[in-house]
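Here is a friendly walk through one protein model, from its pockets to its sheet. Keep the structure open beside you as you read.

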Amino acid sequence: MRGVWRKRRLWLAVVAGLVVLLPVPAVWMSVSTAGQRYSADDVPHRPVTLVLGAGLEEDGTPSRFLAARLDIAAELHAAGKTRVVLVSGDNSAESYDETGAMRDYLVRAGVPGDRVVADHAGFSTWESCARARDVFGVDSATVVTQRFHLPRAVRLCRTAGIDTVGVGDPSGQRRLPTTVYGYAREIPAAVKATASVLLQPEPTFPGPEEDGVEDALESAP
């Protein structure tokens with residue numbers, strides 16, 4: 001019996017240790033990016049705004065979370081706080097055109113079509129950041145997402161070599177249950193992101209280089 005109780009205590013100690021340590025990466029990302037997260041009114045100018053994908057509705061239009069991100073990007077463009085919007089999403093299936101829906105939404109919101117550049121292989125936050133730097137040549141940007149996701153997004157983009165600031169949508173004002181789930185999900189997601197910070201893996205599609213952002217910046221006023 002003593003051996004059984006000893007094993008149980010050891011197992012409980014391991015579980016307790018994991019529970020204590022699991023939030024550490026998320027806390028680190030939040031603390032380390034506190035000085036780079038702003039409201040849309042206060043964010044400093046960056047030439048490029050990177051909008052991360054967040055899924056489509058069944059009719060092919062941006063999800064509520066994604067529409068909120070795109071609204072912020074359009075607001076930044078209208079306020080002269082950015083010149084080009086890089087939309088990054090998952091277009092791995094021919095029937096699923098996330099970046100096309102993002103571009104159409106921005107154009108309807110008043111952003112000129114030639115100021116919107118699409119990255120069709122943004123399969124994760126890390127891949128969107130890494131491809132923005134290595135494929136599209138972005139070295140300074142504002143990343144836009146929900147507030148619960150923003151520390152991880154800013155941290156990963158800065159790790160990728162981009163001078164990044166971020167603006168987060170306060171989604172809890174509209175969809176509280178989903179937002180609570182989002183914050184909870186960030187705890188394990190931050191653990192995976194920490195591995196990306198340390199290992200900096202190549203994206204699924206690391207190239208070739210594209211000049212869409214450069215061309216858009218050259219033609220933008």
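## The second largest pocket

Which helices each supply at least two residues of the lining of the second largest pocket? They are helix H2 (24–32), H6 and H7. Please keep in mind that this is a predicted model.

The second largest pocket holds about 190 Å³ of space. It is lined by 14 residues, and those closest to its centre are Ala26, Ser30, Phe148, Pro151 and Glu186. By type, the lining has nine nonpolar residues, one polar and four charged.

## The largest pocket

Now for the largest pocket, with about 660 Å³ of space. Its lining counts 32 residues, with Ser124, Thr125, His149, Arg152 and Arg185 the closest to the centre. Here the division is 11 nonpolar, 12 polar and nine charged.

Four helices each give at least two residues to the lining of the largest pocket: H3 (64–78), H5 (125–134), H6 (150–159) and H7 (176–199). Helix H7 contributes the most, at nine residues.

## The sheet

Let's turn to the strands. The model has an open sheet of six strands with parallel pairing, and the order is S1-S6-S5-S2-S3-S4. Strands S1 (37–38) and S4 (116–119) are at the edges and have a single partner strand each, so one side of each has no neighbour in the sheet.

Four bridges join S3 (residues 84–88) to S4 in the parallel sense, and Val85 sits opposite Val116 in S4. Packed on the sheet is helix H4 (residues 98–108), which touches S2 (48–52), S3 and S4. The direction of H4 makes about 150° with that of S3.

Note on methods. Residues numbered from 1 in each chain as written. Predicted model: local features only at pLDDT ≥ 70, side-chain atom pairs only at ≥ 80, totals over all residues. Heavy atoms only, no water. Pairing = 2+ DSSP bridges. Contact = heavy atoms within 4.5 Å. Axes fitted to C-alpha atoms, helices over the stretch in contact; angles between N-to-C directions. 1 Å grid on protein atoms, 1.4 Å probe; cavity = no way out; pocket = protein on both sides within 12 Å on 5 of 7 lines; lining within 4 Å. Points joined across faces, edges and corners; volume = space filled by probe spheres on them. Nonpolar A, V, L, I, M, F, W, Y, C, P; charged D, E, K, R; others polar.
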